[in-house]
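User: I'd like to understand the terms used for this fold. Could you take me through them?

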Amino acid sequence: MPLDPQVHTYLEQMAALNAPPLHTLPPEMVRQMIAMQTEAARSTAEPEKVANVEDRMIPGPQADLPVRIYTPQGNGPFPVLVFFHGGGWVICNLDTHDALCRSLTNQAGCVVVSVDYRLAPEHKFPAAPQDCYAATQWVATHGAELNVDTTRIAVGGDSAGGNLAAVVAQMARDRGGPALVFQLLIYPATDFTAKTPSHEENGTGYMLNRQDMSWFTSSYLNNENDKVNPLASPALAPNLKGLPPALIITAEYDPLRDEGEAYGRKLAEAGVPTTVSRYDGMIHGFMSMGSIFERGDRGVEEAATALRSAFFK
């Protein structure tokens, strides 16, 4: 179907700004720009209220990791979603995904632990998956402190964070836990070797473009061999059996659409209960733009419903 009218207007507005492409800038400059945009957005809209928000540091493989812990109304113990933000493994942080985490906390009725893993190129692969797995292990061993039920742990994330959630689900299966009940993969990158029709069809003009994807890849990975490592490309894992149920959300006008949907088919073929939900007319990142796109809010609702189903069945 054609672009959603709200998306079409948004893309026209972005094009009119004539901002330099991400891949032409140093990562630190892009991070500063995004931080300014995030702060400006927060100054114009009151954040969605949750019962409690706490920033703290937890032990990581190399250094302490910042996390933000969101707690919903109620008495608990609550189920918990360990969330990994997107940003191509290079940009974004806890603040850029604060609104999405608040919405998931309230709508899914769960604690959300958002993880600020180490970013590339300062910390290349496999720093990010190591951090995310360590954070998931920490959550599993601190249930009483967090007021969570450690028999109801899910992982999730968007884009690069969806990649990391898929990788952590495999690591947890292969390394003796923690046991996970669900994986929420929002327009995930799943295969660095993929050359799909959506890469070509949507590689220009829809926010995430081929040149930016190459920039993210070269910043994150050390060499070509990393592309076939399942800790980078979870779709290339030789065995997908025994993974937790999954919801994979994709967008029609997203270069990552086809590899996300292909991963969903591979999971289903391996006997993993999997739902793949494509949002027609949408672009990469739409679920973090619920204030602009109505279908972004619907995506959050679908994700929260799936989490509730996994947590409270």
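Analyst: Happy to! Let's start where two helices meet: Leu 100, Ser 103, Leu 104, Gln 107 and Ala 108 in H3 touch Val 300, Glu 301, Ala 303, Ala 304, Leu 307, Arg 308 and Phe 312 in H10. Contact here means heavy atoms within 4.5 Å. A note on sources: this is a predicted model, where local features need pLDDT of at least 70, side-chain atom pairs count only at pLDDT 80 or more, and totals for chains, interfaces and linings use all residues. Residues are numbered from 1 along each chain as its sequence is written, and side-chain values use heavy atoms, with hydrogens and water left out.

User: Why is Leu 146 called buried?

Analyst: Its relative accessible area is 7%, and buried means under 20%, exposed over 50% and partly exposed in between (1.4 Å probe, protein chains only). Leu 146 therefore counts as buried. Leu 146 sits in helix H5 (residues 143-146) and touches Ile 69, Val 111, Trp 138 and Val 139, leaving aside residues up to four places away in sequence.

User: Which strands are the edge strands of the sheet?

Analyst: Eight strands form an open sheet in the order S1-S2-S4-S3-S5-S6-S7-S8, with mixed pairing. The edge strands are S1 (52-58) and S8 (274-283), since each pairs on one side only. Two strands pair if DSSP finds at least two bridges between them.

User: How do you know that S3 and S4 pair?

Analyst: Strand S3 (residues 78-84) and strand S4 (residues 111-115) share five bridges, in the parallel sense. For example, Phe 83 has Ser 114 in S4 as its bridge partner.

User: What caps the N-terminal end of H8?

Analyst: Asn 209 does: one of its side-chain oxygens lies 3.0 Å from the backbone nitrogen of Gln 211. As for the rest of helix H8 (residues 210-220), its buried residues include Trp 215 and Phe 216. The buried residues of H8 pack against H2 (27-44), H4 (127-141), H6 (160-174) and H7 (197-201).

Note on methods
Helix = DSSP H or I, 4+ residues; strand = E, 2+ residues; numbered from the N terminus. Polar contact = N/O pair within 3.5 Å; in protein donor to acceptor, adjacent residues only side chain to side chain.
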